Amino acid sequence: MLQLSLLPIAFLTTLLTATSSTPTVVCVAGQCLEGFSNTTLGMTISASGAQTSALLLPGQYTTTTDPELLHGLLTSSSASLSPSTGFNSSSVSLPLTVALEPGLAIYSNSLYGGSAGFSSLPTSPVGNSSTSLSAQSLALSSNIWAAINVGSTNRVVFWDSVPDFSQLAVSGSLSLVDMQSSACEPACSSNGICTSSGTCACAAGFTGASCESCESDFFGLSCQACPSGCLDCDDGISGTGKCLAFNITNAPSSCNCLNGECGSNGQCSCNAGWTTADNGTACAKCASGFFLTSTGDCKICEIGCSACADITGDCQTCKSGFTQDANDKTKCDAEPTTTSSGTVCPDGSFSSGTTCSTCSPSCQTCNGATSNDCIICASGSYAFNGSCITADSNGVCEGTGLIADNNKKECDTCGAKCTSCGISGFTTASTVNQLQCTGCLPGSFLSNGSCVSSCPAGTFISSQDNTTCSVCDSSCSTCAGSSTFCLTCANGEFASNGQCVSTCPANTVAANSTKTCLNCHPDCVSCSGTAFNQCLSCPPDRPVLNQGRCLPVCGKTQFFDSTSGSCQACDSSCSSCSGSGSSECLACSSSSQVLKGGSCVSANCNGTTSVVTGLGVCLSDLVVVPQASSSAAPLPSITGLTQPTVVTQTSSKRLQWWEILLMALGCAFIFLAVIWCWRRRARKQRAKRTKAFAQAKNLDQSTSWRWRLVRFGEKLFGHRASKRAYPEPTPDANPGLDSEALKLMKLRNAEEARHNQEMEKLMLISDYQYPPEKRSSYYPPSVLPSLYDVGHSRKHLHAVDSATNRLSGPSLYSQVTGVPRNGPEARQPVRKDLITSRFSASSLNSSTAHSAKSRDLTRPHTPAEQYAMDVRSDLLVDTSTPDQSSHHAHWIQPTHTGATVSSKNPFRR
């Protein structure tokens, strides 16, 4: 049995004593029943001053929920709730939802009575464990399923509450093995558990949306953590957990260093020959007197050379007393010493004035008597900081970490990454090519006497010092941790858990590309790949194989058939089942049926009660109501137990003054906005009509300053006004003008022009004879008598014309000079109304067109006008006198004009 310390869903058991002798009220949304009940499922609601308390079964309750008793309890200001085991609510807040917390509640008695225990939904996988259950009924929250072993081998999945285990088709001891939410899609793997929020909660070390893989630096089927100190681990479900790289303490990069060691104070100690580079990186440039080789090492220059070139080592500057060797540019030769007499001192001696003195035994050549004056040290000694020192049996210069170089006769560096080095069996004949590193900087690994950034193939990092590359066993191509733990095999075999095998074992799959045996996913027993959806067979706790995945359960309306190894559909009468047929139901699909002996039968609830949703039992079965004929004491009378809820409508709240003001301002704003939009639309339409009229009448006289200047000159010098040509409006350019209306408008304009011409002719007749005061030598005296009377001078005529506002005044030229123009005075008839054309639409069916264009001549006529009317009586009718006999009163008597006798003067009668 699973220990409580390992079970995050441990049951909290509460003993609830059922007092069957005390009547109680049990309610569902819409109905309450008074009687005796042992049910401990739900919440008890009570209120001060109420007739009784009531047990609320799972459901939703609102302010309109029947009956009146329940409504009064729900809406009472002093209402309080007392939840039973598995329920949680501290205050009444409508709408009130009474529901079991995510998890499973068990009851020692049937019909959800007796002692109760609750197990909340686990937050992490429980593994292969089980918990015994002693229950006669159970309640499940929505979207939760529970896998329970009934008997020794029968695994049953429950999706609904069970009011009585004795009514199931299965029997035996009960033990809970798994419980999860059904809200996760896709379903969680065996290393995760679906929570009520619809997400998978993963076990330690696992990750992914379905908890299907190991986190980084975790390995194996259970995703264990890699060993401490590993920088890189063979992780993953198929990983071995072996360290492939180790954490580096005091790495040079941690103190901005390249070829040196970081101290505890954060300062970098450079290897010999290195110094700080120009960019600030410590130990990244060769120091003075050293040069950079092609292998990245800093080597010392030859004796006598203070600066030499990188790569080649050619000396660029020789020290004082040295000259560059003619044959070897890397060397600088010491200048020979001579005595005062000019004698050249041989090797091993130096000039001491007049003679050559012998050098110190430590020197091969020198320029002084002491060992510090050596130029080239004696055999077995090597130059270091101006003195000669010896080397040990490994070729290491005494007191230094430098290596003795027999060619340069001086102590040189080991290498960029070497902290120590040596030459095994060192002699004066040894060369620096025999140098072997014995120690490396942190981050470098010692491999075959060299310091490398990573161990080469066929070697592994020794776990003893984490710096040495050790050779793998001959059976391994690559290994880790030890020489015999093979990651890949050399003879074509498969590597499986460090061993080389010819065939992969069970629960693994062969990877031919890498020649390794990879573990199947923990969900699978056998697989075609390492993914959790590549299973071929499944374990007992996840028996359902669906599209390559091993799942713990089938769908709600299905059951797992162990014979076929597949999910089969339940009978139509079952909402969930444990097997095929109508007698294997665990819950009924119809709300009018209940479970009896594994079959769904008609509920036949007493009275007006019905099956409680989600509980699978009649309300009348949960509450025992004594019969009237029985000897039991009658139940207390409770009002409102069966009456429906009456919700009284509260009177409407009066509006505050500021609310009324805001509404009024809002209405005014809307009204003003509508008026503004209407006026704006009207202006646009009016502008459109005006533009169309101006285009039709050629009235669009918008002119530039040049045109205004021309008009000023014309007025100044008395010229006739020029007319600008405007394009005729076309239907295409003015879609608003109808083609027929455009034609009528053109005809009307032409008619008006002809009428104006006729009127100008009549007006010119009155100016045929100018008055004497206006006569000039330009005009010869007329043979005709003057038509101007005393009271009808030209000034009077213009005054009359101006008063009647019918003709324009004389030109500026005539007013300034007093001389009439060569041509007739420009007069533009000014009309208030357009003259209706005889071709207009109104004249097609009317005979009043002629009267519409008759000229108003009610003023007294001038002689010329009277004469014109007598001559052209068909055009003008005198309306000043009713008597038409006066039409011929002004005929002029014919006189001889010098023409022939047959000649007729047009003014003669």
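1. Lys285 and Asp278 are joined by a salt bridge, with their closest N and O atoms 3.3 Å apart; the term means a side-chain nitrogen of Lys or Arg within 4 Å of a carboxyl oxygen of Asp or Glu. Lys285 is partly exposed at 34% relative accessibility, and Asp278 is exposed at 74%. Buried means under 20% relative accessible area, exposed over 50%, and partly exposed in between (1.4 Å probe, protein chains only). The whole structure holds 5 salt bridges.

2. This is a predicted model, in which local features need pLDDT of at least 70 and side-chain atom pairs count only at pLDDT 80 or more, while totals for chains, interfaces and linings use all residues. Residues are numbered from 1 along each chain as its sequence is written, and side-chain values use heavy atoms, with hydrogens and water left out.

3. A salt bridge also links Asp523 and Arg542 (4.0 Å, N to O). Asp523 lies in the loop between strands S53 (516-519) and S54 (526-527) and Arg542 in the loop between S55 (535-537) and S56 (544-546), so the pair ties together parts 19 residues apart in sequence. Strands are DSSP runs of E, at least two residues, and helices runs of H or I, at least four, numbered from the N terminus. Asp523 is buried at 0% relative accessibility, as is Arg542 at 4%.

4. Glu751 pairs with Arg754 in a salt bridge, the closest N and O atoms being 2.6 Å apart. The two residues sit 3 apart in helix H5 (residues 739-765), about one helical turn. Glu751 is buried at 10%; Arg754 is partly exposed at 40%.
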